[in-house]
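Please examine the sequence and the three-dimensional structure shown below. The paragraphs that follow lead through selected residues and helix contacts.

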Amino acid sequence: MIPKNSPDSLVTNPVTKGLNAFDIKCIAMLAMTADHVAWAFLDDGTYLAESLHFIGRLVAPLMAYFLVVGFYYSSDVRAYAGRLLFFALISQVPYWLFGHSIEQVLAGASFDGLWHGNVLFTLLVALIGLMIYHSRWDGFAKFFGIMALYPVAQMSDYGFALVVMALLFAHFYRHTTALLMAYVLGCPVFYVLTYGFQATVGLGFMHFGVLLTVPLIYYFNGKKGSSFGGRYVFYWFYPAHLMIIAVLAWLWQM
């Protein structure tokens, strides 16, 4: 049996006032846009680009966190998985064009990278991991079932790190302080799972932006907030903003 929370309380949190889910998702959309604009238009190694990437690093952990919130809140987890798959498929071409540029595609570039999945595919794998975690399987079966997801998750953005992060959030779901402590301690592990033991591009401080997630989760009051734009606005935003940035970058280079 998968536990559910009541619709009026998505989390157990000592903060009664603060940010609702709509507020935090809007912050995540702005941070995601800033991060992707920097990748498309700014040179790596500048303080402006690094600062925008620093802000953007809060997005993936928030996606994993709200995946867990959605998992516990959903009355139909299979339908939730279906939505993720649907929007992951819709997002794949915009994600590919953003990463490889429309100019390269028009110039006859190969389809290299088209089969590397966007983050929604990774979240779908993480959701399957949550289903296994809450199944009636015994401990060994759960462990090997989740580990079997590793090669699948590695085919998409952020890879198995996002699966582990979602499982951590699920394990400490009803204890916000413990959840945040475990998350902070786990950040080096998430980095290694994502990038290995090597430095990435830039000035070196962008990845500390994952710590920006901590106050946002702490001040999440468990409420859904506004329904402006409908329930799928955040799903549609992901492919739409990638496509817009890809087109603008192409026009910028003309």
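**Helices, contacts and confidence**

Met-181 is found in helix α10, which spans residues 176-195; helices (H or I, at least four residues) and strands (E, at least two) are DSSP runs, numbered from the N terminus. At 53% relative accessibility, Met-181 counts as exposed, where buried means under 20% relative accessible area, exposed over 50% and partly exposed in between, with a 1.4 Å probe and protein chains only. Met-181 stands 131 residues from Glu-50 in sequence, and their C-alpha atoms are 26 Å apart in space.

This is a predicted model, in which local features need pLDDT of at least 70 and side-chain atom pairs count only at pLDDT 80 or more, while totals for chains, interfaces and linings use all residues. Residues are numbered from 1 along each chain as its sequence is written, and side-chain values use heavy atoms, with hydrogens and water left out.

The confidence of the prediction comes next. The pLDDT, which is the predictor's confidence in each residue from 0 to 100, averages 91 for the protein, and 93% of the residues score at least 70. Over residues 1-8, however, the pLDDT is below 50, and this stretch has 22 contacts in the model beyond near neighbours in sequence; contact means heavy atoms within 4.5 Å. Where pLDDT is low, the predicted coordinates should not be read in detail.

Which residues form the salt bridge? The structure holds 1 salt bridge, a term that denotes a side-chain nitrogen of Lys or Arg within 4 Å of a carboxyl oxygen of Asp or Glu. Asp-35 and Arg-57 are the partners, with their closest N and O atoms 2.7 Å apart. Asp-35 lies in helix α1 (residues 21-41) and Arg-57 in the loop between α2 (47-56) and α3 (59-73), so the pair ties together parts that are 22 residues apart in sequence. Asp-35 is buried at 5% relative accessibility, and Arg-57 is also buried, with a relative accessible area of 7%.

Asp-35 also takes part in the packing of α1 on α2: Ala-31, Ala-34, Asp-35, Ala-38 and Trp-39 in α1 meet Ala-49, Leu-52, His-53, Ile-55 and Gly-56 in α2. The axes of α1 and α2 come within 8 Å and cross at roughly 145°; axes are lines fitted to C-alpha atoms, for helices over the stretch in contact, and angles run from 0 to 180 degrees between N-to-C directions. The crossing of these helices, α1 and α2, is left-handed. A crossing is left-handed if the near helix is turned anticlockwise from the far one by less than a right angle, and right-handed if clockwise.

How do α3 and α9 cross? The axes of α3 and helix α9 (residues 160-171) come within 9 Å, at a crossing angle of roughly 50°. That makes α3 oblique to α9; angles under 35 degrees count as roughly parallel, over 145 as roughly antiparallel, 65 to 115 as roughly perpendicular and the rest as oblique. The crossing of α3 past α9 is right-handed. Among the α3 residues that meet α9 are Ala-60, Pro-61 and Tyr-72, and their counterparts in α9 include Leu-162, Met-165 and Phe-169. Tyr-72 of helix α3 is buried, at 4% relative accessibility. Its C-alpha atom is separated by 9.8 Å from that of Leu-130, 58 residues apart along the chain.

A further helix pair consists of α4 (residues 77-100) and α6 (residues 119-133), which pack at an angle of about 160° with their axes 8 Å apart. Helices α4 and α6 are therefore roughly antiparallel to each other, and their crossing is left-handed. The residues of α4 that meet α6 include Val-77, Tyr-80 and Phe-87, and those in α6 include Phe-121, Leu-124 and Met-131.

Leaving aside neighbours within four places in sequence, Ser-156 is in contact with His-116, Gly-117, Asn-118, Phe-121 and Thr-122. Ser-156 is buried, with a relative accessible area of 8%. Tyr-158 is found in the loop between α8 and α9 and counts as partly exposed at 23% relative accessibility. Most residues other than glycine have a negative phi. Tyr-158, although not a glycine, has a positive phi of about 70°.
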